[in-house]
Amino acid sequence: MQLKHQLPNGRRLIVLEGDITRVPVDAIANAANSDLAGGGGVDGAIHRAGGPAIMQELDRIRPALGRLPTGQAVATTAGRLPAKFVFHAAGPIWHGGERGEPEALASCYRVCLALAEERGLRSVSFPSISTGIYGYPLDLAALIAVNEIIAFLSQPAITVEDVWMVLFDPATYLAYQRALTHGTSRRASRPAEA
Ligand code: AR6
């Protein structure tokens, strides 16, 4: 299942149910953590599919960087993944929403999109950052993600053309579908189901 939302400037947000390691793009965002030491969920899947080159590059980055602040991201090779880069973002752990979680989550999307733009990339994919092990409520996270991505894509003269939200399970896909449909009801164009 997928839902495409095209902006007046031709940029697109594509919401897709699937495995992010199998969708070819220029850069894949990873729901990582501040230690950049790998983990479960999509982080584990990305390291398994990309192979050891990703962790080797993180091992070189880590000493200089220390802990990656929540809401920030760093770029590495994508190894064997069908992409040029992986952007490792440290999403917020949900503590009830009063500890800066919405700002930190929005920052993950903004920083990864800025990393893509700096590199002149055309396509970026995201998983649903923080809504797995980190416990962020799905509908709240989906609205933040969709709003950040659409705000970014609405800018003039950006190199990024397509942003993919690749959602692993039907409930997550439906939450992003709701966020996109609700969020776009006040905008000029409507998303099209494919
Ligand atoms: N493709 C797309 N989405 C996936 C995939 C996949 N292959 N596998 C899982 N997901 P999570 P978080 C979905 O827990 O909440 C790790 O240990 C998953 O179903 O991966 O940000 C890190 O190292 C869910 O919808 O990330 C951190 O320590 C979404 O990805 C911590 O988990 C995010 O779930 C980060 O937790």
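At what angle do helix α3 and helix α4 pack, and how far apart are their axes? The model is predicted: local features need pLDDT of at least 70, side-chain atom pairs count only at pLDDT 80 or more, and totals for chains, interfaces and linings use all residues. Residues are numbered from 1 along each chain as its sequence is written.

**View A. Packing of helices α3 and α4.** Helix α3 (residues 101-118) and helix α4 (residues 138-153) pack at about 35 degrees, their axes 9 Å apart. Axes are lines fitted to C-alpha atoms over the stretch in contact, with angles from 0 to 180 degrees between N-to-C directions; helices are DSSP runs (H or I, at least four residues) numbered from the N terminus. Contributors to the contact (C-beta atoms, placed from the backbone, within 7 Å) include Leu-105 and Tyr-109 of α3 and Ile-144 and Phe-152 of α4. By class, the contact residues are 10 nonpolar, no polar and two charged (nonpolar: Ala, Val, Leu, Ile, Met, Phe, Trp, Tyr, Cys and Pro; charged: Asp, Glu, Lys and Arg; polar: the others, Gly among them).

**View B. The shell around the ligand.** Of its 25 residues, Ala-31, Gly-39, Gly-41, Gly-132 and Phe-168 come nearest (C-beta atom, placed from the backbone, within 6 Å). The shell has 11 nonpolar, 11 polar and three charged residues. Its largest share, four residues, comes from α1.

How values were computed. Helix = DSSP H or I, 4+ residues; strand = E, 2+ residues; numbered from the N terminus. Contact = placed C-beta atoms within 7 Å.
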